[in-house]
Amino acid sequence: MRSFSRTLGLFAILLLALLSGGMDSARAQDPVADFFQGLFGGRQHPPQARPAARDAGRMRRLVPHREYSAPAYWHGQSKAAKKDKTQKPEDPNAPPPFQVAVIGDSLGQMLADGLDEAYADRPDIRILHRAKDSTGLVREDYFDWPKAARELLAGGDKIDMAVIMIGSNDRQAIHEGAETIETLSPRWRERYAQRVEAVRAAFREKKIPLVWVSLPVTKNEHFAVDMAKLNDIYRQAAAQDSAAFIDIWEAFADDRNQYQAFGPDINGRIVKLRSADGVHFTDVGARKLAHFVEGEIKRLFDARHPAPDAAPTEAALPPAPPAEAAVVAPPVQIIAPSGPTPAVAPTLPADRPAIGQTQPLTGAALAADGELARRVKSPSTTEATQAAAARALVDHIFVEGGEQPSQPGRADDFSWPRGGAKVTPVSTPAPAQASTPAPVVAPSAVETR
């Protein structure tokens, strides 16, 4: 009972030591050791100061950094917005640039990036990035593109041309009040075509040409079918007022008109053109996409800025010198280095005939006696006799199945010896009866001469 009380007292003291707030921090980290050292005696070592946390060695896990030459889009921001572009100061005396506004969704942002790269060395052409990510013509409650187009044209930027690429986010139902219109239904296509026309009307009122770029083929087959149906709506809307419509579907498809991630770039090299999601483009893919729009931009730019005529007019030509001031240069004479200068031009001999001997090209060659060359026939046999003998031999061998008589020395002559020579038999005397067998000679003991 006494031992139990003593044990209980030890645990009580230990508990008080743990709950004590005035204990030294170093001793509070190991209260059991300090308790037994005080109970049984022993040398008290001063607490050692721990190194600061910042001085202690830290284990770091190194993860290799991944670098992608063609990053997979899309994270909500275009390449032009991510990079810090240092623009050169503009020349105040230079004419205003030809400004091209690019609108649409994330595909429109990539198109603007590709056009930026295409016209990086052309200060007379400026690309305005006006596309907005995650937008479309379906969700007017999120972003109203017909309204945004009118505000863009009413702004301070002088726009000479506009390019639109949109529709990758429009594969969803249209909500008008309490009505929900099913995706790509006849009613849905009618309402969607009206919104396409609203965007076109905003630029048509300002007499600004609008170029509509089609949607590309996608990796998902069902998605690609819906994108093709949207392209039909864009194409029909552009055909109503004969506006420009650029179809890029086949440019990013294979021979079977299906999706392919790799293809030729603008330099003909086979590279990756599409991102991992199967919808967007890589950097080189965006550059190729812009290549198909450059032709329409060049056509409108040349119409606004006609190049001067290459041939100057008569008024711009300098006046001709007077006739009396003209100096006639002597004709140039070419002198051969090996011979003297001829006094007069050489002439052909007078007795040379005008035409040589006529040689017919189709005439047959004749022998010396004037007859055609022919094979000399054997005087002993005639042609009919030889033909009859040959025919009889063919019938005997191939029709009747007979054997062809062999001739001495020919390949089918199997007589021995060759040539039909007869071999004289050699008489061999009968061996004598001997009581003892003949001795056997080893091969090595045979004498050779």
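**Close-up 1. Asn-257 and Ser-242, two non-glycine residues with positive phi, in a predicted model.** At 40% relative accessibility, Asn-257 counts as partly exposed, a class lying between buried (under 20% relative accessible area) and exposed (over 50%), as computed with a 1.4 Å probe and protein chains only. Asn-257 is found in the loop between S7 and strand S8 (262-264), where helices (H or I, at least four residues) and strands (E, at least two) are DSSP runs numbered from the N terminus. Although Asn-257 is not a glycine, its phi is positive, at about 65°. Ser-242, which is placed in the loop between H8 and strand S7 (245-246), has a positive phi near 55° and is exposed, with a relative accessible area of 70%. Residues are numbered from 1 along each chain as its sequence is written, and side-chain values use heavy atoms, with hydrogens and water left out. Because the model is predicted, local features need pLDDT of at least 70 and side-chain atom pairs count only at pLDDT 80 or more, whereas totals for chains, interfaces and linings use all residues.

Close-up 2. Leaving aside neighbours within four places in sequence, Pro-216 is in contact (heavy atoms within 4.5 Å) with residues including Leu-107, Met-165, Trp-249 and Phe-281.

**Close-up 3. The packing of helix H6 against helix H7.** The axes of H6 (residues 145-154) and H7 (residues 186-205) come within 9 Å and cross at roughly 5°, the axes being lines fitted to C-alpha atoms over the stretch in contact, with angles from 0 to 180 degrees between N-to-C directions. H6 is therefore roughly parallel to H7, since angles under 35 degrees count as roughly parallel, over 145 as roughly antiparallel, 65 to 115 as roughly perpendicular and the rest as oblique. Trp-145, Pro-146, Ala-149, Arg-150 and Leu-153 of H6 make the contact with Arg-195, Ala-198, Val-199, Ala-202 and Phe-203 of H7.

**Close-up 4. Phe-398 in helix H10.** Phe-398 belongs to H10 (residues 383-399) and is exposed, with a relative accessible area of 69%.
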